[in-house]
Amino acid sequence: MVNDLRIPEGFHMWKFTNDTTASEVVPASKHSSLQQAADYIHDWSQEIHLQLNPTKCKEIRMCFKRTPPCFCQHEGSSTRNLGFLALKSFHEKKFYKLPGGCKKVGVTGFCMGGALSLAAAALIPEEIAAAPPFYGIPSANLCDLRNIKIPLQAHFGSKDNLEGFSSPRDVKALTEKLDAGGVEYELYMYDTGHAFTNPTNPNHTKEICDLALGRMIDFMKKHLA
């Protein structure tokens, strides 16, 4: 049933078996329209008599301005009752001032976070020195992965069945794009399924998790030194 959901143009959406993520990128001079997507999903769920889970509604807001804006919560039942994770990304020129004399930034993430770390590598390479994403690939209408200019280290499961997001077929398409763009990258495939670093997931195996995270740490030390 959730496969029938389509949100208005201008937003990006990831659909899974039990949750949906909507996102948008808001330039510095523009205003967010994500509430429109929230309202649309709310109305769609009512039309088909789909009960949403209000306890799963979360919102992530990311800002790359030196002086972040004051974020205000959305009003209305749409945001409170939606079972999806909303992301807003405010992109200007620079990150916040880096603490402790730190001069380089690395970005990693898992599942949607993995897709976002790849997107960040493609969209703001001047701010990021390295990215080791885990089992997540952004949609082509969000960014062009051939434009990545920083080192990558990608981690995926060979038994991942999330088609269109992190399956072996998607990984093959990813590597073809990276090769076409001349991107410097390492790729590791593990004999397991999706979310294998999550200890609450059935695909979690300590040995594989420790191996993958160890590789990620070494990669970050190498490129952030």
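**Around H194**

Visitor: Which residues does H194 touch, leaving out those up to four places away in sequence?
Guide: H194 touches C111, Y135, D160, L162, F165, S166, N201 and N203. Contact here means heavy atoms within 4.5 Å. Keep in mind that this is a predicted model, where local features need pLDDT of at least 70, side-chain atom pairs count only at pLDDT 80 or more, and totals for chains, interfaces and linings use all residues. Residues are numbered from 1 along each chain as its sequence is written, and side-chain values use heavy atoms, with hydrogens and water left out.

Visitor: Where is H194 found?
Guide: In the loop between β8 and α5. Helices (H or I, at least four residues) and strands (E, at least two) are DSSP runs, numbered from the N terminus.

Visitor: Is H194 buried or exposed?
Guide: Buried, with a relative accessible area of 13%. Buried means under 20% relative accessible area, exposed over 50%, and partly exposed in between (1.4 Å probe, protein chains only).

Visitor: What does the side chain of H194 make a polar contact with?
Guide: The side chain of D160, at 2.7 Å. A polar contact is a pair of N or O atoms within 3.5 Å; within protein, one must be able to donate a hydrogen and the other to accept it, and residues adjacent in sequence count only if both atoms are side-chain atoms.

Visitor: New topic. How many aromatic pairs are there in the whole structure?
Guide: A search finds six. Rings of Phe, Tyr and Trp (its six-membered ring) pair if their centres lie within 6.5 Å; planes under 30 degrees apart count as stacked, over 60 as edge-to-face and the rest as tilted.

Visitor: Why is the pair of F110 and Y135 tilted?
Guide: Because their planes are at 50°. The ring centres are 6.2 Å apart. F110 sits in strand β5, Y135 in the loop between β6 and β7, 25 residues apart. F110 is partly exposed at 35%, while Y135 is buried at 2%.

Visitor: And what about F134 and F196?
Guide: Also a tilted pair, with centres 6.5 Å apart and planes at 55°. F134 lies in strand β6 and F196 in the loop between β8 and α5, so the pair ties together parts 62 residues apart in sequence. F134 is buried at 0% relative accessibility, and F196 is buried at 0% too.

Visitor: Which residues form the aromatic cluster?
Guide: F110, F134, Y135, Y190 and F196.
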